[in-house]
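Okay, thanks for making the time, everyone.

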Amino acid sequence: MNIAIVVSTENYAGLNIKENLIKLFHFKKTSETFDNHDIYYLNKIKIYTTDNKLIFYENIDKKIHADLFIFATTHKSEKNVNSLSLHSIGNFNKAELGGKDNTLVPVFTSFMKLAFIELNNKGKNSPYEITQEATHHGPFLEKPSMFIEIGSSEKQWQDKEAGSIIAKTIINALEKNIPKYKIAVALGGNHYCSNFNKIMLNSNTAISFICPKFNLQYLDESLLKQMIKKTTEKLDFILLDWKGLGQEKQKILDLINKLNLEYKRTDKLN
């Protein structure tokens, strides 16, 4: 499997992670360039650098030949929480931050779970909160992709410890054999997915897309089918944050029943 790690020069965190990848794992410079920047490689892993803003770099998979794209970048939050996070890509509504309206990007769910476990292991003694985020923003591409991020201000973006944790997370996850997990898409809860985080860490379930409570109003049959289709592994069930479904609970249950899907609740998942 060919892996593309993509960073941007306009992004302090991405450059920090790139520096740590090259230093810690001895990536070598190739004779190739991408967007006028050197490409580095380690076995089947390549680091690509661009001057473009990553969330708006649509169809980058048409320019880079890879089976999995990992975008290493900054995270911003209104509360300025120090965080290390990852998430799948796409929009459940208007594409205000890249990508396409009502369109998701494929995700390699088992790898993302493995990366989340590694991120928690590597970052457990750090001053950072480790979290999976709900699916959001662009860019649009057709290959399995994910974002992994340092938040939430310039001080954290340039923190070498944070860059090292992310670099080690990526490479260690890529070097491991991926276990066989139960595959789910998740509905409900808040953006930082506290109940789904627990499931990712403490069960055999891997979660691909998360449509949070504030986006459930836009979820329809077409989008739910898209969540299932773009989860690249066979879906086992829909995972519901039962208390986090709000006023959309009955609509969600009706959709699930109409498509004859199995569902499980986070508060009753064994």
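Let's start in the loop between S7 and S8, where you'll find His137. This is a predicted model, so keep that in mind throughout. The phi of His137 comes out near 55°, a positive value in a residue that isn't glycine. Is His137 buried or exposed? It counts as buried, because its relative accessibility is 9% and the cut-off for buried is under 20%.

The bond joining Gly138 to Pro139 is a cis peptide, with omega at about 10°. There's another cis peptide bond, from Gly151 to Ser152, and there omega is near 20°. Ser152 falls in the loop between S8 and helix H3, which covers 154-157.

You'll see Asn102 in the loop that runs between strand S6, 83-87, and helix H2, 109-123. Asn102 is partly exposed, with a relative accessible area of 38%.

Side chains of opposite charge can pair when their charged atoms come close. How many salt bridges does the structure hold? The count is 14. Take Lys53 and Glu10: their closest N and O atoms are 3.8 Å apart. That pair links distant parts of the chain, since Lys53 is in the loop between strand S4 (45-50) and strand S5 (68-75), while Glu10 is in the loop between strand S1 (3-8) and helix H1 (12-25), 43 residues apart. Lys53 is partly exposed, at a relative accessible area of 38%, and Glu10 is partly exposed too, also at 38%.

Then we have Glu32 with Lys46, where the closest N and O atoms are 3.1 Å apart. Here the partners are in two strands, Glu32 in S2 (residues 28-34) and Lys46 in S4, 14 residues apart. Glu32 is partly exposed at 38% relative accessible area, and Lys46 is partly exposed at 26%.

A further salt bridge brings together the side chains of Lys94 and Asp101, 3.8 Å from N to O. Lys94 is exposed, with a relative accessible area of 55%, whereas Asp101 is partly exposed at 36%. And there's a network as well: salt bridges with shared partners join Asp61, Lys62 and Glu142.

Now the aromatics. We get 6 aromatic pairs in the count. Look at Phe34 and Tyr48: the ring centres are 5.5 Å apart and the planes are at 80°, so this pair is edge-to-face. Phe34 is in strand S2 and Tyr48 in strand S4, so the pair ties together parts that are 14 residues apart in sequence. Both Phe34 and Tyr48 are buried.

Phe34 also pairs with Tyr57, and that pair is stacked, with 6.3 Å centre to centre and 20° between the planes. Tyr57 is in the loop between S4 and S5, 23 residues from Phe34. Put together, ring pairs link Phe34, Tyr48 and Tyr57 into a cluster.

Last stop: charges over rings. Lys113 lies over the face of Tyr181, 5.0 Å from the ring centre. And Lys264 has its charged end over the ring of Phe237, at 4.6 Å from the centre. That's my tour, thanks.

Note on methods: Residues are numbered from 1 along each chain as its sequence is written. This is a predicted model: local features need pLDDT of at least 70, side-chain atom pairs count only at pLDDT 80 or more; totals for chains, interfaces and linings use all residues. Side-chain values use heavy atoms; hydrogens and water are left out. Helices (H or I, at least four residues) and strands (E, at least two) are DSSP runs, numbered from the N terminus. Buried means under 20% relative accessible area, exposed over 50%, partly exposed in between (1.4 Å probe, protein chains only). A salt bridge is a side-chain nitrogen of Lys or Arg within 4 Å of a carboxyl oxygen of Asp or Glu. Rings of Phe, Tyr and Trp (its six-membered ring) pair if their centres lie within 6.5 Å; planes under 30 degrees apart count as stacked, over 60 as edge-to-face and the rest as tilted. A charge sits over a ring if NZ of Lys or CZ of Arg is within 6 Å of the ring centre and within 35 degrees of the ring normal.
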